[in-house]
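Please read the points below against the structure. They run from the whole chain down to single residues.

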Amino acid sequence: MTLVIQRAEHRDTQALHAKLDELLRVNWDAKNSLMTLDDKDAKEVEQERAAQFHS
């Protein structure tokens, strides 16, 4: 059962990344600063999102 759930999650993750890749391709204003969000905590991520949305 665990394997079935892991495969479904992996498929969902792949689909999400494919959609994000497409959005990045069509949005020439994508910011490289967002590439380091994985290293930040939740509060910093939300602050970065707010700054990107309002700029």
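1. The chain has an accessible surface of about 5,400 Å², and 57% of that surface belongs to carbon and sulfur atoms. Areas come from the Shrake-Rupley method with a 1.4 Å probe; for residues, only the protein chains shown count as cover.

2. This is a predicted model: local features need pLDDT of at least 70, side-chain atom pairs count only at pLDDT 80 or more, and totals for chains, interfaces and linings use all residues. Residues are numbered from 1 along each chain as its sequence is written, and side-chain values use heavy atoms, with hydrogens and water left out.

3. The radius of gyration of the chain is 15 Å, whereas a compact globule of 55 residues would have one near 10 Å (taken over C-alpha atoms; the globule rule is 2.2 Å times the number of residues to the power 0.38). Along the principal axes, the C-alpha atoms fill a box of roughly 45 × 30 × 15 Å.

4. The chain contains two helices and zero strands (DSSP runs numbered from the N terminus: helices are H or I, at least four residues; strands are E, at least two).

5. Buried residues make up 4% of the 55 in the chain (buried is under 20% relative accessible area, exposed over 50%, partly exposed in between, with a 1.4 Å probe and protein chains only).

6. Val26 lies in helix 1 (residues 2-26) and counts as exposed because its relative accessibility is 56%.

7. Glu46 belongs to helix 2 (residues 42-54); at 46% relative accessibility, Glu46 counts as partly exposed. Between Glu46 and Gln6 there are 28 Å in space, C-alpha to C-alpha, and the two are 40 residues apart in sequence.
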